[in-house]
Structures are given as C-alpha cells and as structure tokens.
Amino acid sequence: MELEEIMGKKVREVSSRFFYPSVPKPELTEDVPNGSTDIVSGQIKINPSFIGKLEKNGIPNHESLDEVLSHEFAHITRFPGTAHRRMHQYLGARTVLKSKELAEAAVYAFNEAQTNLYVGVDMKNEATPKVARVLANNSSGLNKLLNGLYQEMFGQNLGVRLNRKEKKLVKELKEIPFTNQRSEDTNLRRFIELTRD
C-alpha cells in the first residue's frame, strides 16, 4: 500500500481521537526533518524519509504515521504552537535564561515533552514508545534526559542508560505535571531550573 494511502486512512482514524479538528490535508514532503505543523495554517507535514527510517528500525508505516499524526494533532489541539503562546513561553524562559538561543531551545524541548507525554501516557498511544526507542538511540545532553523521562513515564525500556546524576534529574522531572495546562508557566520554569546546565 502506498504511503499516501496509508496516511489517508490514518488521518481519519487519528483525527477522530482528537474530535476531528479542522485542518488542511496533511502532506508528505522532504521539507521538514520528521513531522511539523505550520502554526498559521495548521497544516501537518511529514517527511517520508523519516517514516522510511522508522520502518528500517522495525516500525510499520501505519504505526509510525499514527505516532507522528497523533503528535502533531496534540500540538494543534492540546498544546497549540500559536505565535502568542510561544512568545509568552519564550518571555517566561528569558526571565530565567540569559541567552535568546537557550530560551528558544528550552521552550521547544518543554513543548515536545508535553506533547510526547500527553500522547504516550495520557492517550496511551502504543506507537509512541516504539518511535521514542528509535529516536533515543545514542542521545545525549538534554535529549538523553528527556528520553530517560519518557522511559520512566512510558514504563518501557527505551535503551537509555543514565548515570546517578541523570537518574536524580529524571526523578525530579517526573514530578513536573507537564500536561497540566493550568500550571504551565510554573512547569516551564521548573523544567528550565532542572535542565539549564
């Protein structure tokens, strides 16, 4: 079955889980590294080479498309990446971090953690830990910590080996209620405090 055809079926299935948000038809394109949502149009773009990489690592196309679509729909419906919201978070991050680049990276990492935990833990998407395992391979720095957090929260071995200091940080990160939008500003600040180094 063609990737486009599989994606068409998955779009209907996944969008039903998110109560059918009104978005343009998702597109397969090499213009993005993996999956991405345009914050203005709401169009989801998925890189077919990324799906191919996951397939080479044993994840069938229908599962990897399910995960990427679920992740992007969560960005649209649950944790929208609107310009206003991102600017608010960025300004909050800048009160803690001196560098513009670090503030942008912190907000991006926090938003990804929110979305991954929402899809993988709250929605219990079975494809999320499978894709996370592939992406966790040889991760380092902040990505390694986040993958360690996912390993703990998903309750599955993603192949992440943490040293004592990293285990302590992951334990503290686990206490942050990432998907609670009412305490989002406090959660972002705590996330930055724990991971700033």
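Which residue of strand 3 does Leu 28 stand opposite? Leu 28 faces Ile 46.

This is a predicted model, in which local features need pLDDT of at least 70, side-chain atom pairs count only at pLDDT 80 or more, and totals for chains, interfaces and linings use all residues. Residues are numbered from 1 along each chain as its sequence is written, and side-chain values use heavy atoms, with hydrogens and water left out.

**The sheet**

Two strands pair if DSSP finds at least two bridges between them. Strand 1 and strand 3 run parallel and are joined by two bridges.

| Strand | Residues |
|---|---|
| Strand 3 | 44-46 |

**The nonpolar cores**

A nonpolar core is a set of buried Ala, Val, Leu, Ile, Met, Phe, Trp, Tyr and Cys residues joined through side-chain atoms within 4.5 Å. Buried means under 20% relative accessible area, exposed over 50%, and partly exposed in between (1.4 Å probe, protein chains only). The largest core has 30 residues. Among those touching the most other members are Leu 146, Tyr 150 and Phe 191. Helices 4, 5, 6, 7, 8 and 9 each supply at least two residues of this core. Helix 5 gives the largest share, seven residues. Leu 146 touches Ala 109, Ala 113 and Phe 191, leaving aside residues up to four places away in sequence. A second, separate core has 22 residues, including Ile 51 and Tyr 118.

**Helix 5 against helix 9**

Helix 5 (residues 100-122) packs on helix 9 (residues 184-195) at about 115°, with axes 10 Å apart. Axes are lines fitted to C-alpha atoms over the stretch in contact, and angles run from 0 to 180 degrees between N-to-C directions. Helix 5 contributes Ala 106, Val 107, Ala 109, Phe 110 and Gln 114 to the contact (heavy atoms within 4.5 Å). Helix 9 brings Glu 184, Asn 187, Leu 188, Phe 191 and Ile 192.

**Glu 175**

Is Glu 175 buried or exposed? Glu 175 counts as exposed because its relative accessibility is 62%. This residue lies in the loop between helix 8 and helix 9. Its C-alpha atom is 9.7 Å from that of Asn 187, 12 residues apart along the chain.

Key:
Helix = DSSP H or I, 4+ residues; strand = E, 2+ residues; numbered from the N terminus.
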